Amino acid sequence: MKKINFVTLGCSKNEVDTSIMNSILDTKKYKATNNPIDADVIVVNTCGFIDSAKEESIDTILEACQMKKNSDKKVLLAGCLAQRYKDELLENIPEIDGIIGTGNINLINEALDDLYKDQRPVFTGNLNVEYTEGAYKDPKEVKVTEYVKISEGCNNFCTYCIIPKLRGKNRSRKIENIYKEVEYLVKNGTREIILIAQNTTDYGIDLYNAYKLTNLIKEISKIKELKWIRVLYLYPDNFKEDLIEEFKNNKKLVKYADIPLQHISNRILKLMNRRTNQEDIESLIKKLRNRIPGMVIRTTFIVGFPSETDEDFEILKSFIEESKFDKVGVFTYSREEGTPAYSMKNQVDEEIKRKRLEEIMEIQADISANSLSEKVGEVFEVLVEEKIDETTYSGRTYMDAPEIDGVTYISSDKELNINSFVDVKITDSIEYDLIGECYESTK
């Protein structure tokens, strides 16, 4: 039996793809291993979204190829970088033994079979393939927090983004299929489900001819042991009234909205082909804040988009200062071949991009520190994730998504169970994290 080691790079959507490939391995021939040294095949699930992600993917591919020396190991590539640059990769890195693109992860066994027929498989067609349903994790591998992909692909065609060419058109999964997957995960110990897609607010429009994210959330909320539902990548243009009401009234849907805005200057938004404007964005933020107590808003911005002027940047800065978002990620514009923005005039100098990024992050650091300091004295439910020492643990409140946001450090004289929920009284804060102690109500 051949041992397969999966290396996953990039976003949570790639994590789901790796999980699917792992789940559908032909167990008569192949077995997953976490040890690359022990593996017969290393599958690198690559990311190709922006320059830094591409660089990380190339470095990881080269490391895997280096491990082939003096061994019979094979290296198979998957993911966005493999889909996007298959010809260049195969030509420039001859140690690569094969490629499966983003629409062909269901062919993992065929690709592995070909490797052992001394072939060099290249499967990169059929971007708009149907989602591989029923490929669930082994029960022993299920975690307390799990990502569930509700659709694949994107119809937005933002001028800076290559994703539609790598992932195909928007394809929503059926509500009943998502429900079955969530039900399975919860049965095996999951308590927090994170719904993901390229654009979650577009969920259902292709399949049901209507926006159905609220309906989906209502359905999976019926699963008794499910405690938290978190939704990422909620594009602002189709953030409908029914969804706002669901955030307000559904106790399982955490009050955390991840809304990628990318910019606020109407001129830049138009150049980006974003289907919204400053006035609508400000209206949405105001509604969420006014109607939903405790609402946490996370967003991302791009600085240095082609022709971004000092005036555009000042508009963005002022917006961030006034809006006081709870969480902000900032990226410098990455010039990607095959996108309309690649050929736009007045590309911004890299040094200017970097300075603009640093300036915004300094502003946000102060906003975050002030916001978290206001939480001192409050009590929050925290998902315990790690034991640091005999009396210290770390975990997350509803205000933090895993890996991208901060944590809460918990002091406790009592042993806490990892993956349990405990009440924590906040005693202090640092730039992006909270500090607290276990709290027992006197009620």
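These legends describe close-up views of one predicted model.

**Figure 1. The whole chain.**
The predicted protein has 443 residues. Its secondary structure comes to 13 helices and 19 strands. The C-alpha atoms fill a box of roughly 65 × 60 × 45 Å along the principal axes. A compact globule with 443 residues would have a radius of gyration near 22 Å, so the value of 23 Å for this protein agrees. Of the 443 residues, 55% count as buried. Take the contacts with a separation of 6 or more: 72% of them join residues 24 or more positions apart.

**Figure 2. The annotated cysteines.**
An unreviewed UniProt entry applies the annotation "binding site" to Cys11, Cys47 and Cys80. These residues span 70 residues in sequence, yet no two of their C-alpha atoms are more than 10.8 Å apart, so they gather at one spot. Cys11 sits in the loop between β1 (2-8) and α1 (12-23). Its relative accessibility is 30%, so Cys11 counts as partly exposed. Cys80 belongs to helix α3 (residues 79-84). Cys80 is buried, with a relative accessible area of 7%.

**Figure 3. The surroundings of Cys80.**
Which residues does Cys80 touch, not counting residues up to four places away in sequence? They are Thr46, Cys47, Gly48, Thr102, Leu166 and Arg167. Cys47 in this list is also one of the residues under the "binding site" annotation in the unreviewed UniProt entry.

The unreviewed UniProt entry places "domain: Radical SAM core" at residues 140-370. This span is 39% helix and 16% strand. Its end C-alpha atoms lie 41 Å apart.

**Figure 4. Aromatic pairs.**
The model holds 8 aromatic pairs. One of them joins Trp228 and Phe421. Their ring centres are 5.0 Å apart, with 80° between the planes, and the pair is edge-to-face. This pair links distant parts of the chain. Trp228 is in strand β11 (residues 228-231) and Phe421 in strand β18 (residues 421-429), 193 residues apart. Trp228 is buried, at a relative accessible area of 6%. Phe319 and Phe325 have ring centres 5.5 Å apart and planes at 65°, so this pair is edge-to-face. Both of its members are buried: Phe319 has a relative accessible area of 3%, and Phe325 has 0%.

**Figure 5. An aromatic cluster and two charges over rings.**
Tyr160, Phe305 and Tyr333 form one aromatic cluster. Elsewhere, charged side chains sit over rings. Lys74 lies over the face of Tyr116, 5.4 Å from the ring centre. The charged end of Arg335 sits over the ring of Tyr342, at 4.4 Å from its centre.

**Figure 6. The nonpolar cores.**
The largest nonpolar core has 51 residues. Which of its residues touch the most other members? They are Val182, Leu195, Leu213, Leu216, Phe239 and Leu288. Helix α7 (residues 175-187) gives this core its largest share, 6 residues. A second, separate core has 43 residues, including Ala78, Leu112, Leu115 and Ile194.

**Figure 7. Leu288 and Ile244.**
Leaving aside neighbours within four places in sequence, Leu288 is in contact with Phe239, Ile244, Ile259, Met295 and Ile297. Ile244 is part of helix α9 (residues 241-249). Is Ile244 buried or exposed? Its relative accessibility is 1%, so Ile244 counts as buried. Not counting residues up to four places away in sequence, Ile244 touches Phe239, Leu284, Lys287, Leu288, Arg291 and Ile292. Ile244 and Ile292 are 48 residues apart along the chain, and their C-alpha atoms are separated by 8.2 Å.

**Figure 8. Ser368 in helix α13.**
Ser368 lies in helix α13 (residues 350-373). Ser368 is buried, with a relative accessible area of 4%. Not counting residues up to four places away in sequence, Ser368 touches Glu431 and Tyr432.

Technical notes: Residues numbered from 1 in each chain as written. Heavy atoms only, no water. UniProt positions renumbered as here; feature names shortened; annotations may be inferred. Helix = DSSP H or I, 4+ residues; strand = E, 2+ residues; numbered from the N terminus. Buried < 20%, exposed > 50% of the residue type's maximum accessible area, 1.4 Å probe, protein only. Contact = heavy atoms within 4.5 Å. Phe/Tyr/Trp six-rings, centres within 6.5 Å; stacked < 30°, edge-to-face > 60°. Lys NZ or Arg CZ within 6 Å of the ring centre and 35° of its normal. Core = buried A, V, L, I, M, F, W, Y, C linked by side-chain atoms within 4.5 Å. Rg over C-alpha atoms; globule rule 2.2 N^0.38 Å.
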